[in-house]
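Subject: Structure handover

Hello,

Here is the structure for you to look over. My notes follow below it.

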Amino acid sequence: MTRRVLIRATGTARPGQLAGLGRALARSGARLLDINQSVTFGILSLEALVGLDRDADLEGSLDEAGDALGLDVQAIQVSAEDYQRWSVEASQPRLILTLLAPHLPAGILAEVGGLTAEHGLTVELIHRLSGREPLDGDVPPHGSCVECWLRGEGVDLERLREKALALGAMHGVDIAIQQDSIWRRHRRLVCFDMDSTLIKAEVIDELARRHGVYDEVAAVTERAMRGELDFQQSFRERMAKLKGLDEAVLAEIAESLPLMDGVERLMAHLKRLGYRTAILSGGFTYFARHLQRKLGFDEIHANELVIEDGKVTGEVREPILDAERKAELLEEIARREGLAMEQTIAVGDGANDLKMLATAGLGIAFRAKPLVRSQARHSISTLGLDAVLYLIGYRQVDLEREES
């Protein structure tokens, strides 16, 4: 008759320990059912579930191996009921909870632990995606990020996200919650809004500033970004105020546009990793092309300014690229590239991006207005644009290895 035993070994890690424990298990005729090992700050933790005959002398072999290997080894009998419970838990859906911030306060662990327990979720694994914290206390160059794997059934995901958003705002931490699937690390298309996402500016406001109508245009822009105005109506209203602007101003503004924090690093890694990238912007093709040349986007889709005799006419060529068109383009590009929608990512900051974010497999509101953050499934507000890499599941150490 077979019994199941959980082997737990801890101690200072050194070469040869796995081999020594493996030989002890083999001498007992044990069958390996499951195993997990990790080393954190030089301390080894190994758990192995084995099956063996009732009369096998496993404990004696393990005691001898533990003494020789410098490990504290325990053998815990597992009942049929416990084994069945673990099997059921392992088949439950997995959620990925990601914590992002310049520094992660220790108190956030207690808060997240309480939140997950409230929703009946078990924390299965916690690991760090960002690099090690500097000893001098400075902010890490790419921020801090910890990923938690959660298990549970019957979770109200929208309610969980709503509470996580409020909790994160209280502590200055971004908390993203995704459903785990085979697609999570196989995204292949990333589409970006441009203004206030790839660049730290709203281009139409900069044009208005140079044309002396900034206050009028900025007021309309702000209302549109908050979702208070229909995009097409507000867009035409703002464009009309730019009539007569000299074409030479466009080049001057393009050269001085401030790039968003982390965008150059993000684009370098996305290109190296084989992602297709696109700009889907309610702004202007003139400036999207400038970013395409500078950062290497595969394609751009934006609004085309009408220029006659070296002057902006105050009109754009139809159709206007609005919220509906952004979502349509995301789907069209994915279909053309032979990708499932689960393999797509969209990043934007305004109400005009919400349909695109909802359509994508992973929609991310970046440094967005409160309305947009509350409606998007995921948001990043505390770090640069390269934090998107953490939400895809990449570890900083692996990315740096590719850089070297």
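Helices (H or I, at least four residues) and strands (E, at least two) are DSSP runs, numbered from the N terminus. On that basis the protein chain has 16 helices and 16 strands.

This is a predicted model, in which local features need pLDDT of at least 70, side-chain atom pairs count only at pLDDT 80 or more, and totals for chains, interfaces and linings use all residues. Residues are numbered from 1 along each chain as its sequence is written, and side-chain values use heavy atoms, with hydrogens and water left out.

Overall picture

The C-alpha atoms of the protein chain fill a box of roughly 95 × 45 × 40 Å along the principal axes. Of its 404 residues, 48% are buried (under 20% relative accessible area; exposed is over 50%, partly exposed in between; 1.4 Å probe, protein chains only). The chain exposes about 19200 Å², with carbon and sulfur atoms supplying 49% of it (Shrake-Rupley method, 1.4 Å probe). Take the contacts (heavy atoms within 4.5 Å) between residues at least 6 apart in sequence: 69% of them join residues at least 24 apart.

First sheet

Strands E2, E3, E1 and E4 form an open sheet in the order E2-E3-E1-E4, with antiparallel pairing. Two strands pair if DSSP finds at least two bridges between them. The edges are E2 (31–40) and E4, each pairing on one side only. From one strand to the next, the twist averages 15 degrees. Axes here are lines fitted to C-alpha atoms, for helices over the stretch in contact, and angles run from 0 to 180 degrees between N-to-C directions.

E1 and E4 pair in the antiparallel sense over 7 bridges. Within that pairing, Ile7 stands opposite Ala75 in E4.

Two helices pack here. H2 lies across E1, E3 and E4, at about 160 degrees to E4. Helix H3 (residues 80–90) touches E1, E3 and E4 as well, but its direction makes about 95 degrees with that of E4.

Helix H2

H2 covers residues 58–69, 12 residues in all. At 1.5 Å a residue it should span 16 Å, and its end C-alpha atoms are 16 Å apart, which agrees. The expected span is 1.5 Å times one less than the number of residues.

Which residues of H2 are buried? They are Leu58, Ser61, Leu62, Ala65, Gly66 and Leu69. These cover an arc of only 130 degrees around the axis, which puts them on the same side of H2. The arc is that of the directions from the helix axis to the C-beta atoms. An α-helix has 3.6 residues a turn, so residues three or four places apart point the same way.

The buried residues pack against strand E1 (2–12), helix H1 (17–27), strand E3 (43–53) and strand E4 (72–78). On the other side of H2, Glu64, Asp67 and Ala68 are exposed. Gly70 follows H2, with a positive phi near 70 degrees.

E5 (residues 94–101) and E7 (residues 144–151) pair in the antiparallel sense over 8 bridges. Arg94 stands opposite Arg151 in E7.

Best wishes
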